[in-house]
Amino acid sequence: MSEVVQRARSAEAKQARESMILSAARALAVQRGVRGVSLTDIAATIGMHKSALLRYFETREQIFLRLSAVEWREWTDEVCSATADAEHGTPAQTAQILAATLAARPLFCDLLAHTPLNLERNVSVDSVRAFKTATLQQVDLLAGELHRTLGLTRQQALDTVATATGMAGALWHMATPGDAVRTLYACELQGAVVELEPQLTRILEALLTGSGAHPTT
């Protein structure tokens, strides 16, 4: 316990401590959802006082904003890997790749919904700048793949990424209600049940088809 509480002095020790904090926040968010995790929870998990944790991250929101940037990078890598071997794609294939890879990352979907609502609001401008810079780099990579495989213009590609991520965040929360509400839907309100991956796939396929997406030659 005392070793954990001691302040990191070197750059390497500081980085290791930040990684430990991020890992704890990730594990708690997967278990409870982003909304259900406080700064005190994170500090307690790693045996650190809340005031000590604030030496490494300015707020709870900054921790989750950093995790969101990691999720953006990992999702982009996954999408680009899935499309790397294809000379061209179809709206249906691309929609399925985007939807499936997002549905497989529930923490990312949770973070996508919280980012504009609160994660970007209780942090410094420098933190927002760093997050946006990192995220826009991933969006550019995705846009390039959508242009290469479907012939989308840059604006069409940006709209597709924005729709995919925006809808994933919204649909994930709709698809994961509390236990009591889930039981209500299953027993009485089947029409209210939302299934993230198939619904997102349909939305994206309609968007891509309507945009006139076609393979580049």
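Among contacts in the protein chain (heavy atoms within 4.5 Å) between residues at least 6 apart in sequence, 72% join residues at least 24 apart. Keep in mind that this is a predicted model, in which local features need pLDDT of at least 70 and side-chain atom pairs count only at pLDDT 80 or more, while totals for chains, interfaces and linings use all residues. Residues are numbered from 1 along each chain as its sequence is written, and side-chain values use heavy atoms, with hydrogens and water left out.

The C-alpha atoms of A95 and T201 are separated by 5.2 Å, although the two residues are 106 residues apart along the chain. Leaving aside neighbours within four places in sequence, A95 is in contact with T201, L204, E205 and L208. With a relative accessible area of 0%, A95 is buried (buried means under 20% relative accessible area, exposed over 50%, partly exposed in between, using a 1.4 Å probe and protein chains only).

Now step back to the whole chain. The protein chain has 11 helices and 0 strands; both are DSSP runs numbered from the N terminus, helices being H or I of at least four residues and strands E of at least two. Of its 217 residues, 42% count as buried.

How do we describe helices that pack together? Two packed helices are described by the angle between their axes and the distance between the axes. Here, axes are lines fitted to C-alpha atoms, for helices over the stretch in contact, and angles run from 0 to 180 degrees between N-to-C directions.

Take α5 and α8: they pack at an angle of about 15°, with their axes 10 Å apart. The two helices are therefore roughly parallel to each other (angles under 35 degrees count as roughly parallel, over 145 as roughly antiparallel, 65 to 115 as roughly perpendicular and the rest as oblique). Where they meet, the residues of α5 include L65, W72 and T76, and those of α8 include F131, Q138 and L142. Look closely at Q138, in helix α8: not counting residues up to four places away in sequence, Q138 touches W72, R73 and T76. At 10% relative accessibility, Q138 counts as buried. As for α5, 17 of its 24 residues are buried.

Next, compare α9 and α11. Their axes come within 10 Å and cross at roughly 155°. That makes α9 roughly antiparallel to α11. Among the residues of α9 that take part are M167, L171 and W172, and they belong to a group that meets α11 residues including L200, L204 and L207.

Is every helix straight or bent? One to examine is α7, residues 106–119. The end C-alpha atoms of this 14-residue helix are only 17 Å apart, short of the 20 Å that a straight helix would reach at 1.5 Å a residue (the expected span is 1.5 Å times one less than the number of residues). α7 bends by about 35° at A113, and a proline, P116, follows within four residues; the bend is the angle between axes fitted to the seven residues ending there and the seven starting there. By contrast, the 24 residues of α5 should span 34 Å at 1.5 Å a residue, and its end C-alpha atoms are 35 Å apart, which agrees.

α7 is also mostly covered, with 10 of its 14 residues buried. Among them are L107, F108, A113 and L119. The buried residues of α7 pack against α2, α5, α6, α8, α9 and α11.
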